[in-house]
Amino acid sequence: MGYFHLMFPEVKEKGMAAIPRLVAFTSEHSHFSVKKGAAALGIGTDSVILIRCDERGKMIPSDLERRIVEAKQKGFVPFLVSATAGTTVYGAFDPLIAIADICKKYKIWMHVDGAWGGGLLMSRKHKWKLNGVERANSVTWNPHKMMGVPLQCSALLVREEGLMQSCNQMHASYLFQQDKHYDLSYDTGDKALQCGRHVDVFKLWLMWRAKGTTGFEAQIDKCLELAEYLYNKIKNREGYEMVFDGKPQHTNVCFWYIPPSLRGVEDSEERTSRLMKVAPVIKARMMEYGTTMVSYQPLGDKVNFFRMVISNPAATHQDIDFLIDEIERLGQDL
């Protein structure tokens with residue numbers, strides 16, 4: 001919204017009809033909120049162009065540049081690239097430096113969706129995964145995810161000072177009088193879409209004061225270590241098959257459980273259709289027994305697989321061991 005205002009200031013008064021056809025770009029593994037935002041803005045979901053990802057779920061920069069050139073040739077105006085730092089399913093980090101170079105070349109706003117992966121900036125061991133984020137025009141970040149701040153606590157960081165104010169302010173004289181006896185910068189209601197709202201940042205401030213940066217770092221490092229522990233235990237274990245090769249970049253561990261009846265069965269349509277039903281049945285049994293709960297989903301041509309995400313620093317190695325045994329117990333007869 002801010003970049004609309006920067007590129008086409010008249011849109012605030014005259015609306016979308018006054019500006020050319022805008023297009024945005026994001027990876028095919030990005031969060032649905034990008035398309036939801038396009039619908040809310042009025043440019044429509046068809047104006048969001050999905051860029052191909054590699055086998056690890058990272059946006060391919062060459063495909064991004066190709067699609068930008070293609071859009072310009074069609075007469076569209078590319079205005080936004082939304083890169084993802086920590087995708088929902090694979091936990092992948094888009095190559096931010098390469099994307100920043102392309103955005104600079106074509107004068108396009110670079111946004112980084114760090115909702116899930118932004119917390120890794122607290123970790124000296126893992127923050128390299130967000131290299132290039134400092135070049136973004138805007139960043140979203142959810143301390144309520146990886147950092148464990150109580151729901152809801154979301155941040156939008158914008159590089160250009162004053163942009164959110166000029167974009168959103170309505171100068172409502174009955175609320176934002178200019179002759180008050182205190183510093184007017186405290187009237188934050190004219191800087192955002194909402195007027196009255198919770199002071200979400202207070203939750204983050206309070207927790208940061210209590211834990212410190214090193215406290216956040218310790219819990220984030222622990223969660224990533226637990227994810228690596230799970231990956232190392234199941235990558236060569238009978239009955240488990242990883243969705244993609246290599247150690248996960250975040251705490252998302254994606255795998256299939258292959259029940260005994262499907263082991264050694266040749267790849268076929270029948271095997272695929274049977275495997276598709278395994279995770280939902282195990283998940284239903286997990287919920288019936290009340291012992292554990294792990295999400296599953298299909299992605300592209302990959303049928304239902306488990307996506308174990310670790311974001312609770314109270315989890316232990318014993319919990320991971322229990323999870324593995326429990327999946328085997330619940331799925332052995334399938």
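Here are a few friendly notes on a helix contact and some ring contacts in this predicted model.

1. On the ground rules: local features need pLDDT of at least 70, side-chain atom pairs count only at pLDDT 80 or more, and totals for chains, interfaces and linings use all residues. Residues are numbered from 1 along each chain as its sequence is written, and side-chain values use heavy atoms, leaving out hydrogens and water.

2. Do look at helix 8 (residues 269-289) and helix 9 (residues 317-331), whose axes come within 9 Å and cross at roughly 110 degrees. That makes helix 8 roughly perpendicular to helix 9 (65 to 115 degrees counts as such). In contact (heavy atoms within 4.5 Å) are Ile282, Arg285, Met286 and Tyr289 of helix 8 with Leu323, Ile327, Arg329, Leu330 and Gly331 of helix 9.

3. Arg329 also lies over the face of Tyr289, 4.5 Å from the ring centre. A charge sits over a ring if NZ of Lys or CZ of Arg is within 6 Å of the ring centre and within 35 degrees of the ring normal. The charged end of Arg21 sits over the ring of Phe76, at 4.7 Å from its centre.

4. The whole structure has eight aromatic pairs (Phe, Tyr or Trp rings, the six-membered one for Trp, with centres within 6.5 Å; planes under 30 degrees apart are stacked, over 60 edge-to-face, the rest tilted). Tyr90 and Phe244 have ring centres 4.6 Å apart and planes at 45 degrees, so the pair is tilted. These two residues are 154 residues apart, and both Tyr90 and Phe244 are buried (under 20% relative accessible area, with a 1.4 Å probe and protein chains only). Tyr90, Phe244, Trp256 and Phe305 form one aromatic cluster.

Terms used:
Axes fitted to C-alpha atoms, helices over the stretch in contact; angles between N-to-C directions. Helix = DSSP H or I, 4+ residues; strand = E, 2+ residues; numbered from the N terminus. Parallel < 35°, antiparallel > 145°, perpendicular 65-115°, else oblique. Buried < 20%, exposed > 50% of the residue type's maximum accessible area, 1.4 Å probe, protein only.
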